[in-house]
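Open the model in your viewer and keep the selection tool ready. We will go stop by stop.

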Amino acid sequence: MPTKESKPNLSHSQATEIIKRLYGLTVSVIRPLPSYDDQNIYVAPSEGGEYVLKVMNSADSHNTTIIELQTHAMNFLHQRGLPAQTALPTLTGQLMSLEEFDCGFGLQKYLLRLLTYLPGTTVAKITTSPQILYDVGKMAATLDTVLLQMEHPNISVLQREDFIWNLASVPLLNQYIHVMDGDPVQKVVKAVLEQYQIQVVPKLPMFRKCKMLFSFRCQHFYVSMFFLKHFYCIAGINHGDFNDHNLLVKPDGPTKYKISGILDFGDMSCGYFIFELAITIMYMMIENPNPVDVGGPVVAGWESVFPLNEAERDSLYLLVLCRFCQSLVMARHTVIQQPENEKYLMITARTGLRHLCHLWELGKEEVERIWFQSAAQFGQP
């Protein structure tokens with residue numbers, strides 16, 4: 001897991017030099033952008049265009065195969081009409097470059113890419129109408145179904161075991177829950193983790209996820225190299241962080257918005273479709289004045305592409321609560337590592353704490369009634 005020592009902190013002069021050396025571009029405008037454990041820098045070259053220099057933390061920079069696959073996925077989605085960023089090739093034709101810098105903790109290697117800058121306003125900054133929430137749910141389901149078509153020889157690396165942000169890894173929170181010692185909400189978090197084991201784990205085999213196909217060899221025969229070259233691992237892939245700061249919108253008429261950008265594929269992993277929906281609902285609640293009402297339109301949008309089965313519907317409430325728990329616990333943990341970044345790291349936690357407790361007090365039956373009745377009625381006159 002990234003630590004304070006692994007987060008990059010390039011100066012503007014370092015970033016300007018890199019962009020000139022790797023891309024042949026002369027920076028005209030440069031400014032920092034928010035980030036969790038990487039570094040994002042907005043740049044506008046005098047040659048034209050707008051970009052984001054994304055510098056990965058030194059811990060994740062070792063995972064070049066995963067970063068390459070994320071970049072491939074972004075290009076794949078962009079080619080199919082989804083508003084994802086793409087990476088600009090370097091002067092030598094590479095989509096990413098491993099560079100060595102001293103950001104205050106000695107020389108370390110950081111993987112960087114120059115991504116297209118997508119204009120728009122984050123969903124977190126607008127008043128979300130039921131229609132835009134419906135569109136967000138629909139986009140999340142569309143993204144996951146489009147990614148089913150993606151082929152890549154290294155796609156199996158997205159089977160990220162013990163990846164803390166995957167909803168299959170909820171039990172791993174137990175090793176971090178001590179950061180909430182003394183906080184009354186710790187009792188709720190522990191109860192949610194217990195219910196995950198009791199209510200969700202037995203249903204995992206009933207959640208939809210494409211089967212994994214791996215190249216193989218038998219005892220008495222080897223698969224030909226030609227066959228291996230064209231034999232890909234196929235998996236259900238989640239964006240994994242479909243949140244209100246990773247979705248951009250732009251005006252679509254006097255009172256409406258449409259989605260104009262999907263950012264940050266750093267949490268991509270193989271997962272169940274229902275995970276993506278739960279993550280999306282949770283984050284759309286964060287800035288909403290009526291958070292419980294969010295679920296209905298998002299579910300309606302999702303089911304317009306990918307209807308839920310009974311096991312998925314029955315687990316959605318708890319999975320949303322589990323994502324709140326992941327966000328709250330890991331934010332507290334990360335603030336200990338990066339106290340200087342507390343304001344950004346605690347964005348979700350500040351309201352998320354209240355939302356988690358409210359959902360827990362309302363209970364599964366009442367929340368499901370609100371969500372599914374609203375979803376069934378969405379769009380009806």
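The tour below visits helices and then loops.

**Before you start**

This is a predicted model, where local features need pLDDT of at least 70, side-chain atom pairs count only at pLDDT 80 or more, and totals for chains, interfaces and linings use all residues. Residues are numbered from 1 along each chain as its sequence is written, and side-chain values use heavy atoms, with hydrogens and water left out.

Helices (H or I, at least four residues) and strands (E, at least two) are DSSP runs, numbered from the N terminus.

**Stop 1: helix α8**

Select residues 310–337, which form helix α8. At 1.5 Å a residue, its 28 residues should span 40 Å, and the end C-alpha atoms are 41 Å apart, which agrees. The expected span is 1.5 Å times one less than the number of residues.

Now centre on Leu316. A kink of about 45° in α8 is centred there. The bend at a residue is the angle between axes fitted to the seven residues ending there and the seven starting there.

Is α8 enclosed or open? Of its 28 residues, 22 are buried, so α8 is largely enclosed by the rest of the structure. Buried means under 20% relative accessible area, exposed over 50%, and partly exposed in between (1.4 Å probe, protein chains only).

**Stop 2**

Axes are lines fitted to C-alpha atoms, for helices over the stretch in contact, and angles run from 0 to 180 degrees between N-to-C directions.

The crossing of α8 and α10 is left-handed. A crossing is left-handed if the near helix is turned anticlockwise from the far one by less than a right angle, and right-handed if clockwise.

Show side chains at the contact (heavy atoms within 4.5 Å). From α8, pick residues including Tyr317, Phe324 and Arg332; from α10, pick residues including His355, Leu359 and Trp360. By class, this contact of α8 with α10 has 12 nonpolar, 4 polar and 1 charged residues. Ala, Val, Leu, Ile, Met, Phe, Trp, Tyr, Cys and Pro count as nonpolar, Asp, Glu, Lys and Arg as charged, and the others, Gly among them, as polar.

**Stop 3: α6 and α7**

Select α6 (residues 273–285) and α7 (residues 295–303). Their axes come within 10 Å and cross at roughly 145°. The crossing of α6 and α7 is right-handed. Phe273, Glu276, Leu277, Thr280, Ile281 and Met284 of α6 meet Gly295, Val298, Val299 and Trp302 of α7. These residues divide into 7 nonpolar, 2 polar and 1 charged.

How many of the 13 residues of α6 are buried? The count is 13 of 13, so α6 is largely enclosed by the rest of the structure.

**Stop 4: the loops**

Go to Asp37, in the loop between β1 (27–33) and β2 (39–45). At 15% relative accessibility, Asp37 counts as buried. Its C-alpha atom is 9.6 Å from that of Asp60, 23 residues apart along the chain.

Next, find Asn174 in the loop between α3 (130–147) and α4 (185–200). Asn174 is partly exposed, at 47%.

Asp162 is also in the loop between α3 and α4. Asp162 is exposed, with a relative accessible area of 61%. Its phi is near 65°, a positive value in a residue other than glycine. Most residues other than glycine have a negative phi.

Finish at Asp264, in the loop between β9 (257–262) and β10 (269–270). Asp264 has a positive phi of about 55°.
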